[in-house]
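Let's take a walk through a protein fold together. Have the picture open while you read.

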Amino acid sequence: MMSKTEIALKERIKELTCLYEVSSIIVNADVGAMTETLRAIAISLKKGFQFPESTEIIIETPLQIYKTSNKDLKNYITATINVFNNPKGKIIASLTNNEATFLKEEQPLLDNVTLKLGNLLERIEIQQNERSLKRQMERADRLGILGEITAGIAHELNTPLANILGFAELLKDNLDSDTTASEDVDKIISNAIFSREIVKKLMFFACEMPQEMQEVNIVPSIKNAIALLDASFKKNGVKYIVKIEDETLLLKADTIQLTQIIFNLIINAIYFSPKGGLVTIEAQQTINCIILKVMDEGPGLTDTAMEKVFQPFFTTKPTGDGSGLGLSVVHGIVASHNGSITVENNENKGATFTVKLPKS
Ligand SMILES: Nc1ncnc2c1ncn2[C@@H]1O[C@H](COP(=O)(O)OP(=O)(O)OP(=O)(O)O)[C@@H](O)[C@H]1O
Ligand SMILES: [Mg+2]
């Protein structure tokens, strides 16, 4: 027979061994193999209790649940896993033997292991945030470089295009109308105008367009733009609601460019909406900025589209339907207003584009 002190001492050693094991599991945890980590923790923890054979462990985290057995829980103790002070799951230890009870030291043991697991989950969250921040910065970098190249190309093309247009118009004046030659010159002119429009859009993307910044109430501009698109909504069988928080939303902006932002976002939303789908247009303000949102119920964006939406010429529309410059223009305008634009898929269906523009 062991003495009471001996038994107590043995339990303490088991608990300390358990804590030591859990610590090393957590230090060596591979973020990609969480199930394995949870399993190892559960098994270590089980061994730390007074009656390992009749103690079962359940670990619940936001992404995974690990159970050492599927038996019903009767007699159990539990501890909450906190991640940055928010409850994010729990660890439960239960006794399958009805006669047995938990020692008073066993709750602190469970608390301790739970705390360590919480620390691991915090570490993972920090890593994930860092990774997504890095991706965002890389994306911004790429768009920045693309902007510089684009600005260069647009600049170089602008003068020759203006020359093509000018000389073609001179030529047309010297030709009898209704001749094949005159029709051919018309084609040169319309193609040159088309190319000029593309160059103009590229210049928007590269923030190279002149601006007329004024402090204005943007609510009428927003309502105007939406009114102009009313026919387009009807034609495509798409419904819309407008939620504008205030009748006055003051912003220092170029109103024509602001209209272009709204136009492009809504036209995309209509294009990608199913019949009978709803487009929600929102405008709100915080102390420092104006927030515009356009939400739809379309297919949303694939991972590739998420990466590339704002790059010039990225389009998933069939050839002839779009040039992939709409959102590049929007991105350029937003950047030249020192704002930001983001896109995310809705939980249910569709995508939400959010534009934030600083008030001054
Ligand atoms: N609301 C949306 N839902 C789903 N995908 C979208 C949405 N808006 C944009 N996209 C994706 O982003 C791509 C680029 O959009 P963007 O407006 O820049 O060009 P586009 O609409 O394809 O052509 P353009 O605007 O020049 O006519 C689209 O082709 C589509 O793949
Ligand atoms: Mg578009």
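What follows looks at the sheets first and then at a helix.

Keep in mind that this is a predicted model, where local features need pLDDT of at least 70, side-chain atom pairs count only at pLDDT 80 or more, and totals for chains, interfaces and linings use all residues. Residues are numbered from 1 along each chain as its sequence is written, while chains are lettered from A and ligands numbered from 1 in the order in which they are written.

Helices (H or I, at least four residues) and strands (E, at least two) are DSSP runs, numbered from the N terminus. Two strands pair if DSSP finds at least two bridges between them.

Let's start with the open sheet of 4 strands, which has the order β2-β1-β4-β3 and antiparallel pairing. β2 (65-67) and β3 (75-83) stand at the edges with a single partner strand each, so one side of each has no neighbour in the sheet. Neighbouring strands here are turned by 15° against each other on average, direction ignored. Zoom in on strand β1 (residues 55-60): 3 bridges join it to β2, and the two run antiparallel.

Contact here means that the C-beta atoms of two residues, placed from the backbone, lie within 7 Å. Angles run from 0 to 180 degrees between N-to-C directions, using lines fitted to C-alpha atoms (for helices, over the stretch in contact). Helix α2 (residues 34-48) lies across β1, β2 and β4 (86-95), at about 150° to β1. α3 lies across β3 and β4, running at about 30° to β3.

Now for another open sheet, with 5 strands in the order β6-β8-β9-β11-β10 and mixed pairing. Its edges are β6 (239-244) and β10 (340-345), each with a single partner strand, so one side of each is left without a neighbour in the sheet. The twist averages 10° from one strand to the next. β10 and strand β11 (residues 351-358) run antiparallel, joined by 6 bridges, and V343 has F353 in β11 as its bridge partner.

Finally, how far apart are the end C-alpha atoms of helix α4 (residues 180-205)? They are 38 Å apart, which agrees with the 38 Å that its 26 residues should span at 1.5 Å a residue; the expected span is 1.5 Å times one less than the number of residues.
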